Amino acid sequence: MTSPHTSPTACDASAAADASALATAPPPAGTTRFLLIRHGRTEFNSAGIMQGWTDAPLTENGEANVRTTAEFLAAAPIAAAYASSLPRAMRTGEIIADHHDGLTAEAVDGLRELSFGDFDGRPSEEFKRHVPDLAGFFRSVFTGTAEALPGGESGADFVARVRSAFDDIVARETAAAEGAEGPAEGRTVMLVAHGLTLKVLLALAAGPILDPLPNASICVMDRDRTGDFTLRAFGVDPSGAAAEETSILQGLGEDNGSNPSGHGEQTP
């Protein structure tokens with residue numbers, strides 16, 4: 001498990017150029033390159049409303065930012081695409097897939113966001129009152145130790161669900177890439193999901209990450225033929241809109257002292 005990345009800002013042109021080169025170049029033989037993309041900004045993101053399994057449409061700017069991401073990835077040799085079955089992720093995947101002939105994002109229930117139970121669809125300020133230590137809570141989600149929120153799912157159930165869905169995708173893509181002889185050729189796969197879902201996957205390469213993951217941003221993670229993961233790029237935001245995004249709880253989510261990254265989490 002290796003992680004040579006640094007967490008780039010939305011305006012880091014060098015990081016964006018590196019990510020573009022990674023995304024558009026065929027990966028080495030035996031490597032599956034995953035383009036991990038967070039869904040576009042939604043009306044609930046803008047309003048500071050919790051959305052786990054609850055859904056909201058992309059905003060006009062959210063769709064525009066996804067189109068920018070789609071253009072950024074237009075030359076990527078994407079062989080297959082998957083997306084959380086929640087509409088905000090499916091819509092994001094559809095916009096990106098439209099830039100690639102014959103590509104369709106397959107809906108995967110297991111890639112849905114964490115269920116926030118009774119807090120789904122509620123103002124994030126209510127969640128903050130229930131969970132004052134946000135960084136601690138999200139860290140426990142990624143490590144699978146978070147207790148279930150009322151009506152929601154536990155961290156262990158969430159991580160197991162996401163990992164199981166991803167394991168199935170890895171197995172399918174490994175089989176698809178294998179030739180009649182020799183090791184699998186390099187293969188690029190797009191996966192569109194949610195902030196917490198993607199961070200469960202990124203933890204395979206880098207451990208728990210608390211840095212904000214912008215809407216419509218791209219992470220690049222390679223899996224080699226031995227099964228090891230390497231995080232090659234994190235949170236690259238082709239639209240540059242991340243600086244305008246609000247943190248979780250719409251003004252109440254500033255670092256509370258327990259987040260070592262110095263960043264607040266976002267509304268999922």
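**Ground rules.** I'm working from a predicted model, where local features need pLDDT of at least 70, side-chain atom pairs count only at pLDDT 80 or more, and totals for chains, interfaces and linings use all residues. Residues are numbered from 1 along each chain as its sequence is written, and side-chain values use heavy atoms, with hydrogens and water left out.

**The sheet.** I traced an open, mixed sheet of 6 strands, ordered β3-β2-β4-β1-β5-β6. β3 (105-108) and β6 (229-236) are the edge strands, each pairing on one side only. My strands and helices are DSSP runs numbered from the N terminus (E, at least two residues, for strands; H or I, at least four, for helices). I call two strands paired if DSSP finds at least two bridges between them. β1 (residues 32-38) and β4 (residues 187-193) run parallel, with 7 bridges.

**The β5/β6 end.** Here the strands are antiparallel, joined by 5 bridges. I noted Asp-222 with Thr-230 in β6 as its bridge partner. The two strands make a hairpin with 5 residues between them, and Gly-227 in the turn has a positive phi of about 95 degrees. I found 6 of the 8 residues of β6 buried (buried is under 20% relative accessible area, exposed over 50%, partly exposed in between; 1.4 Å probe, protein chains only).

**Helix α4.** I checked residues 87-97 and found several buried, among them Arg-88, Thr-92 and Ile-96. The buried residues pack against β1, α3 (60-72), β2, β3 and β4.

**Asp-120.** I found this one in the loop between β3 and α5 (124-130). What is the nearest side chain of opposite charge? It is Arg-88, 6.8 Å away, and the buried Asp-120 has no salt bridge (a side-chain nitrogen of Lys or Arg within 4 Å of a carboxyl oxygen of Asp or Glu). For charge, Lys and Arg count as positive, Asp and Glu as negative, and His and the chain ends are not counted. I did find backbone nitrogens by its side chain: Gly-52 at 2.5 Å from a polar atom and Phe-116 at 3.5 Å. Beyond neighbours within four places in sequence, I list its contacts (heavy atoms within 4.5 Å) as Met-50, Gln-51, Gly-52, Trp-53, Thr-54 and Ser-115.

**Ala-47.** I placed this residue in helix α2 (residues 43-47). Its C-alpha is 9.0 Å from that of Ser-124, 77 residues apart in sequence.

Notes:
Polar contact = N/O pair within 3.5 Å; in protein donor to acceptor, adjacent residues only side chain to side chain.
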